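This report describes selected geometric features of the structure shown below.

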2 protein chains.
Amino acid sequence: MANVSKKVSWSSRDEDPAQGEGTPLLNGASAARYTRQFSGSGIFHIGRLSTVDLEEENVEEEGSILSRPKEIPHNEKLLSLKYESLDYDNSENQLFLEEERRMSYMGFRCLEISRWVVCGLIGFLTGLIACFIDIVVENLAGVKYHVVKQNIEKFTEVGGLSISLILWAVLNSAFVMVGSIIVAFFEPIAAGSGIPQIKCYLNGVKIPRVVRLKTLVVKVGGVICSVAGGLAVGKEGPMIHSGAVVAAGVSQGRSTSLKKDFKIFEYFRRDTEKRDFVSAGAAAGVSAAFGAPVGGVLFSLEEGASFWNQMLTWRIFFASMMSTFTLNFFLSIYHEKPGDLSSPGLINFGRFDSDSVEYNLYEIPLFICMGAIGGLLGALFNVLNYWLTIFRIRYIHRPCLQVMEAMLVAAVTATVSFAMIYFSNDCQPLGPDQSEEYPLQLFCADGEYNSMATAFFNTPERSVRSLFHNPPGTYNPLTLGVFTLSYFFLACWTYGLTVSAGVFIPSLLIGAAWGRLFGILLSAITSSGSIWADPGKYALIGAAAQLGGIVRMTLSLTVIMVEATGNVTYGLPIMLVLMTAKIVGDYFVGGLYDIHIKLQSVPFLDWEAPATSHSLTAREVMSSPVTCFNRIEKVGRIVDILSNTSTNHNGFPVVPRVNENNEPGRLCGLILRSQLIVLLKHKVFVERAHSRLKQRRLQLKDFRDAYPRFPPIQSIHVSQDERECMMDLTEFMNPTPYTVPQETSLPRVFKLFRALGLRHLVVIDSENRVVGLVTRKDLARYHLGRHGLEELQLAQT
Amino acid sequence: MANVSKKVSWSSRDEDPAQGEGTPLLNGASAARYTRQFSGSGIFHIGRLSTVDLEEENVEEEGSILSRPKEIPHNEKLLSLKYESLDYDNSENQLFLEEERRMSYMGFRCLEISRWVVCGLIGFLTGLIACFIDIVVENLAGVKYHVVKQNIEKFTEVGGLSISLILWAVLNSAFVMVGSIIVAFFEPIAAGSGIPQIKCYLNGVKIPRVVRLKTLVVKVGGVICSVAGGLAVGKEGPMIHSGAVVAAGVSQGRSTSLKKDFKIFEYFRRDTEKRDFVSAGAAAGVSAAFGAPVGGVLFSLEEGASFWNQMLTWRIFFASMMSTFTLNFFLSIYHEKPGDLSSPGLINFGRFDSDSVEYNLYEIPLFICMGAIGGLLGALFNVLNYWLTIFRIRYIHRPCLQVMEAMLVAAVTATVSFAMIYFSNDCQPLGPDQSEEYPLQLFCADGEYNSMATAFFNTPERSVRSLFHNPPGTYNPLTLGVFTLSYFFLACWTYGLTVSAGVFIPSLLIGAAWGRLFGILLSAITSSGSIWADPGKYALIGAAAQLGGIVRMTLSLTVIMVEATGNVTYGLPIMLVLMTAKIVGDYFVGGLYDIHIKLQSVPFLDWEAPATSHSLTAREVMSSPVTCFNRIEKVGRIVDILSNTSTNHNGFPVVPRVNENNEPGRLCGLILRSQLIVLLKHKVFVERAHSRLKQRRLQLKDFRDAYPRFPPIQSIHVSQDERECMMDLTEFMNPTPYTVPQETSLPRVFKLFRALGLRHLVVIDSENRVVGLVTRKDLARYHLGRHGLEELQLAQT
């Protein structure tokens, strides 16, 4: 059973980092100080496993590096109060209902049509962005490889290849430097693939600045630089984030950053609608990245949605289709084959011809075996990356250091690649239908090329394709083994750098390499029956296994892989492999994205409450006492409560009248901080209670205009006279918030909260009096650990 | 705005058909009488569109056919009170919570593992059933075609082909007679594809006997007979129903029909768990039918689920995989190619080789055009079938008549086929790689065969494949045109017969025929460019368009089609076509399944409340007054209330004490009729209130043993002495039912109700006193008609 302690504060903290500073941790570890700079670092802060360690760490740090801010890295057993929730439940106040009731049936039809239009636009723009990234990367990388290739060819003959190495390393570092600088200095949230952030967003956690235009620009620039810079990264993951940003932007019909309001889609300016569009955007991103529209829809569902809505799903599907179609269309024009729709995604696995690569029943155990290997290697990858991230947080937290690390990785990547190619003596004949774009002859005989170079001297996408499709015998086992090993560590080192980049392609590449190796060894053992002859098949299975072992998706990943290969024959083996990889991997450690989300102490809600949590009830889970407002409240009290930085509540039950003894009143509504702030800003006051002077009428538009960046309370000036005025909350509060009785079990509370995407759930007693409030962090605190139900500590960071 | 009238009764009616008889309609049309026999007919009863018509009709009928029961067919504007709801919200009473709290973490792990085991079993058994059906049908049809072919060959030479026709017609009728008799006389619910029934079940409506073993047996037998009997039907739709029955059976660990209890999986004996397994079963059915595991998962989601749960989805996926794999494996053994996994589904579209059939950008408008045609034809099909069904209900309601109609259709199908073949002079050369199993030479020259016969003298699955894959020139346009026309009407006539059969394959076949025709005409017009050369592509698109136009699925159907063709190249065009077909078709009339569900007056909940329903609040929607029980209630009162056939409530709010004035009390729990019945059956009484005599302890097991066939109240004898006893409901009631305040808007109520799969939602006032109860039919009544929000009338039928 969990140790349920009484909490001091019940609302999530404002995102203002200034407020967090110097405040003690609320539970346990009370002497610890900390600072927060997640949103300024882009990587996830991590703590050690126990609070004792955490304090030790603190002391140690204080001793060693006095000049920089004290840093207590996040602890996995902590739950940050820093994150606000999104409100996926409409506040159905009088204003809202009046608007809805005024609206005719045709009005709703128009809304529905504009939803489709927005989804189409999202798909179109996402496809365009993907197309842009693809073309720019291809050209930049083309120029780079061309230059380096010429240089290598020159120096292969005259000697002094070290100059080529330096040229290569410098070119790579230069690209990566640019990419890293814009991320580290301008928009740190754009680092990484963005998938964990989008997962959190769809889950209902507000991650600051995650869907802003600036983030998108930095993301696109960053991913181009890092891919062109030859890092072991892919450009696919960031597409998902890009799609989400596009969606959040387009659906609002304005850009707050550009201060441009098109006065359209105003109806969509609330969290509920925006979330739906962001799902569509994420799906469109996946769709453009892999040419997998159905996979995109499933990704959005698997990672985000909770309530399945058929119409919404169709819209998401439409956005996905538009996105892959747009990409395909513009790429076909770019490749001067207009109308030839053969590039549905950024990565194209190439065509697996059905007849050449059948699989047989007795191969299935082998596939399952490979799935297990993938799970193991994936777990290893995740654990290594976890340690690395801890190291990064401790020692590489300044932007300039981060840029330097990224440059170092770029240089090392180039060096390793060069060394591999240099020392490899795996020469292959240059076939007539040579698909290599940059075959390196190096020390091979004329008419031959270095096969290691096809893996290293290439964009990762092309390498994956070569591994899948090059005929048997293209690679020798040693090449593949060495390649797997080196690329594994490079990719692991690279993920988490302060650059925009995804982990999908490197995972696929690692998996394809060892998968192909597996296939080759297999055919060597079994005296090469014809069925084993094609190692490309094993490369595909290996790629799936490795990717599954790292990210732990199953359904959506199966569909993505199937759609990317263009062949459903492998559906069943891929499923089996992904399931096995997930089961094996989960035994050791969680998926990469989940690890990073957990390290961030994000109050992320799982699908279900922990199985053994029936012993807890709402009474134990809720925060109390609750600050309530009267239906007609004094402005001064409102300002005081909103300004109280030690509580910083975000939702307030409204009661007819708080009595003198501060006893709970009967619930009659719920009002949000953001609504109160808009009211204060517009000075919706009456001189005194029951005054005949009417309050100024506010419209829903005033709230929508302020959404989503409501000003902080500090920026609102309320004079002493105004403080004596009253505010009638009746028409602004949500009169029908969802409630639960105190005796409700945690799983039941959880189900309600999760299914409806709530932010506040009022706990009432048998007479409908407010006794507590359940918020996201109250539910996210409980999780199943190794010793049964565990409770995370709440931290103000 | 809707006209909200006060209702007399608030609970759904018991399924006992005797009770419905003779009761006046509650709203409007009060003089009308009716009888109900849906569950005994297997087809859907339909009424005319206005109540005036309905009464006229009544008079007319009374005049004409006095001998048979007066029949007022169902009206689309009625909502039947006959259907009970399923309870997809756990009743978290003390017994349940105690059990959950006793259970260790390992216990939950075991449960989770058994869920996976059950899903694996479901998949395995569903695959086996599919395999059985396939093999039996293949053999029976093989024998039939062989006999008829020999006969035709014999009489082609000597003349007197009419004898062959008679032989063919008699054989077909004989098969269909058997299939129809078992359905009509033994289990009428097994008629049709079962998809509407499963949709209703997953939506939360209890359809009597739909998941019983007997239904499965009849279904399997029926589908074999009707397919072997050469009807224009498929064996795919019924697989979905079969899978669902398997799931409902396996997951309960017992068979009530066979009176066999294996004492396993007792935990799963409630609606919530059972529903999850039934979803998996339906998915496994789709998966086996089309070899489309992902399509199966999406089908379950699109048609059924509301709350998306990741773990559940994975289990569903697993069941789907198992099912297609089992089918594949056993078929490979049957075909004596063990290990060759090339038959993943009952229907196999054959392999579309990627290179031969590319599509180009400028074909997309053509595809969209075809989608529109499909939508139109689909709408026509649905409208015709709708009228036909009305006719059937009026005049063909007795089992023997139904059998005769089925036999007539079989004979007509044979005759039409024969006539087509006979009068067709479309001879094609018999190629060396002839894929036809039964090529009919008829009047063709030696070495040639009649191409019309490939379409008619074949199982529909083979015909579809021929249309997709036979090389250009195999069919002449006239053949295809005539075939489309005749098969369209045959299929339309066939759907709704009292046989087990699906509409998927006939739809595909019609679509493939006109699609191929479209392709041929196109290439004729455009002076046969090479890109148009392949009519098989257009056959595929036409098939998708036609099927989409009839059933109106998009996402799942796209995936199913893609998986069945084994090629994702056509993903995009298929999506576009399905979307177009849906949009065009929806303009005229709903999907076939939805029409039939609506005609059934089933209280089916859509995804969202009607858009313009914000004007309604819980106060107007709810039923009141509510019959409440005291926490400690007199047995006599309970028995009286349960026995009251005029109300027949199913859920009762529990209040501490109902006061004398019958004023509403404070809500303290909710108890179900089924729970009370178990309590009464076990005589859980105390002599009087506050007695020291303890009530007999009941366990959760007692409730589970009675699930799902709780005895009717009439079968429970309570003596006069016992009537004076008291019953303490405290530990059996659900102490934390979900509630909403009276002012809650309908969409908000709807969202809560739908997302959590509720059966009863208590409406409370500001002091937590019970003022009303919202059930499924209160929400299902409101729908958007042509004139805005409409309200369906409630009918006791």
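The model discussed here is predicted. A:N768 has a relative accessible area of 6% and is therefore buried. This residue lies in the loop between strand 14 (760-764) and strand 15 (770-775) of chain A, and its phi is near 65°, a positive value in a residue other than glycine.

Most residues other than glycine have a negative phi, and most peptide bonds are trans. A:S601 is another non-glycine residue with a positive phi, near 55°. The loop that holds A:S601 runs between helix 21 (592-599) and helix 22 (618-621) of chain A; with a relative accessibility of 2%, A:S601 counts as buried.

Chain B contains cis peptide bonds, including the one from B:S624 to B:P625, with omega near 0°. B:P625 is placed in the loop between helix 23 (618-621) and strand 8 of chain B. A cis bond also joins B:Y707 and B:P708, with omega about -5°, and B:P708 is in the loop between helix 26 (700-706) and helix 27 (720-723) of chain B.

Because 15 of its 16 residues are buried, helix 8 of chain A is largely enclosed by the rest of the structure. Just after this helix, A:G253 adopts a positive phi of about 65°.

Helix 18 of chain B is mostly covered, with 19 of its 22 residues buried.

## An open sheet in chain B

Three strands of chain B form an open sheet with mixed pairing, in the order 8-10-11. Strand 8 (629-630) and strand 11 (669-672) of chain B are the edge strands; each has a single partner strand, so one side of each is left without a neighbour in the sheet. Strand 8 and strand 10 (residues 651-655) of chain B pair in the parallel sense over two bridges, and B:F629 stands opposite B:V654 in strand 10 of chain B.

Helix 25 (residues 673-681) of chain B lies across strand 8, strand 10 and strand 11 of chain B, and runs at about 70° to strand 11 of chain B.

## Aromatic pairs

Over all chains, the count of aromatic pairs is 44. One of them is formed by A:W168 and A:F418, whose ring centres are 6.3 Å apart and whose planes stand at 70°, so the pair is edge-to-face. The pair links distant parts of the chain, 250 residues apart: A:W168 is in helix 5 (residues 161-186) of chain A, and A:F418 is in helix 13 (residues 399-423) of chain A. A:W168 is buried at 2% relative accessible area, as is A:F418 at 9%.

The rings of B:F391 and B:Y395 have their centres 5.1 Å apart and their planes at 50°, so this pair is tilted. B:F391 and B:Y395 are four residues apart in helix 13 (residues 364-395) of chain B, a separation of about one helical turn. B:F391 is partly exposed, at 46%, and B:Y395 is partly exposed, at 43%.

## Relation between the chains

Chain B can be laid on chain A with an RMSD of 0.1 Å by a turn of 180° and a shift of 0.0 Å along the axis. That is the relation of a two-fold axis. The same surface serves both copies, as 100% of the contact residues of chain B recur in chain A.

Terms used. Residues are numbered from 1 along each chain as its sequence is written. Chains are lettered from A and ligands numbered from 1 in the order in which they are written. This is a predicted model: local features need pLDDT of at least 70, side-chain atom pairs count only at pLDDT 80 or more; totals for chains, interfaces and linings use all residues. Side-chain values use heavy atoms; hydrogens and water are left out. Copies are superposed by least squares on the C-alpha atoms of residues with pLDDT of at least 70 in both. Contact means heavy atoms within 4.5 Å. Buried means under 20% relative accessible area, exposed over 50%, partly exposed in between (1.4 Å probe, protein chains only). Two strands pair if DSSP finds at least two bridges between them. Axes are lines fitted to C-alpha atoms, for helices over the stretch in contact, and angles run from 0 to 180 degrees between N-to-C directions. Rings of Phe, Tyr and Trp (its six-membered ring) pair if their centres lie within 6.5 Å; planes under 30 degrees apart count as stacked, over 60 as edge-to-face and the rest as tilted.
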